[in-house]
Amino acid sequence: MTATSPRLRAVLGALPAYVPGRSVMRPDGSPAYKLSSNENPYPPLPAVQKVLTDALSGVNRYPDLAATGLVTALAAAHQVEPTQIATGTGSVGVLQQIVQATCDADDEVVYAWRSFEAYPIVTAIAGARSVQVPLLPDERHDLPAMAAAVTDRTRLVLLCTPNNPTGRAIRQGELDELLDAVPGDVLVVLDEAYVEFVRDPKGADGIATFRARENVAVLRTFSKAYGLAGLRVGYAVAPEPVATALRATAVPFGVNILAQVAALASLEARDELLTRVDDLVAEREQVTRALRQQGWGLPDSEANFVWLRLGERTAEFAAACEAAGVVVRAYGTDGCRVTIGEPAANDAFLTVAAEFLGVAR
């Protein structure tokens, strides 16, 4: 019989869908507060907006394939060699390059669950197998169990720190113990998308760990603290052979002209940007204190969001928030992740949270 449509890979039908944070309007047509995507609520700095405007006249040309200026600046900032930097379309784009570079069919990728929802997607696309290790009751990675899950088929161990969506950060001591237990031919990836928000003095230092170990790579992004989510630029700091492989698996010209100039300008304005991060951390702490005073139990977050484990009431809480003009990110029957936004958005969320528990704000 003649086929009537092209044959596609069977795995695509089983892929979990990546669910983006939604934007909604209130019944009166005014915009709701979007606290569902872990975006920085503040626009790029004026200096960054200027370089973007200046670069617009050049978008008829291809960008620098090697992102030379950005790579050079990143290498200097992290005190590593430019050959140890690989860029991509956000840290998730670089993550997909890592999986493609390390995994053949039926190889294994070990990661905590629940964690970043792109992990099972990029693993399945590569034909590899996910090995999901449940989080501990306090929402932390169970690193001894993750080490025990490593087999001869394991090619990658993914560590999201701070963890998305629970906000818990891995500490250096427990990370070192894991690395001591993992074979040297298994690549351990520290996904540090939210590292700028960490205030735990014992939190893992990804770059220092990279320098001390030969099988560690670090993922970073300009989407969160730097406020460039719409431009999609991230990078890896990785051993040179790994970084070379990431460049080989990258989409050519994936990091466009605007992304390159904005990321470079943001690096130059890092001190000013980190003042904004300090403000968001202060808001995070204020929101956490207020929620606990209302009676909520929630883990300490080192990211730009808080996590409420709601179980079967997850959808009910998300609906209550939306009805009040606040959009949060619901995860099945696990819980809701709520981004820290501008003060007015946080206040609106706290009002809904108090009403949900039936307590006074």
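**Exercise 1.** Which elements do the buried residues of α4 pack against?

*Solution.* The model is predicted, so local features need pLDDT of at least 70 and side-chain atom pairs count only at pLDDT 80 or more, while totals for chains, interfaces and linings use all residues. Residues are numbered from 1 along each chain as its sequence is written, and side-chain values use heavy atoms, without hydrogens and water.

Step 1: Find the buried residues (under 20% relative accessible area, 1.4 Å probe, protein chains only). In α4 they are Ala118, Tyr119, Pro120, Ile121, Val122, Thr123 and Ala124.

Step 2: List their partners, with contact meaning heavy atoms within 4.5 Å. These are α3 (90-102), β3 (108-113), β4 (129-134), β5 (154-160) and β6 (187-191).

Step 3: Because 7 of the 8 residues of α4 (residues 118-125) are buried, the helix is largely enclosed by the rest of the structure.

**Exercise 2.** Locate Lys224 and state whether it is buried or exposed.

*Solution.* Step 1: Lys224 sits in the loop between β7 (216-221) and β8 (234-237).

Step 2: Its relative accessibility is 16%, so Lys224 counts as buried.

Step 3: Beyond neighbours within four places in sequence, Lys224 contacts Ser37, Asn38, Asn40, Ala193, Tyr194 and Phe197.

Step 4: An unreviewed UniProt entry places "modified residue: N6-(pyridoxal phosphate)lysine" at Lys224; such annotations may be inferred rather than shown by experiment.

**Exercise 3.** Describe the interface of domain 1 and domain 2.

*Solution.* Step 1: An automatic or database assignment gives the bounds: domain 1 is 10-44 + 270-357 and domain 2 is 46-268.

Step 2: The contact takes 32 residues from domain 1 and 35 residues from domain 2.

Step 3: The rule finds 4 salt bridges across the interface, each a side-chain nitrogen of Lys or Arg within 4 Å of a carboxyl oxygen of Asp or Glu.

Notes. Helices (H or I, at least four residues) and strands (E, at least two) are DSSP runs, numbered from the N terminus. Buried means under 20% relative accessible area, exposed over 50%, partly exposed in between (1.4 Å probe, protein chains only). Buried area is the accessible area (1.4 Å probe) that two parts lose on being put together, summed over both.
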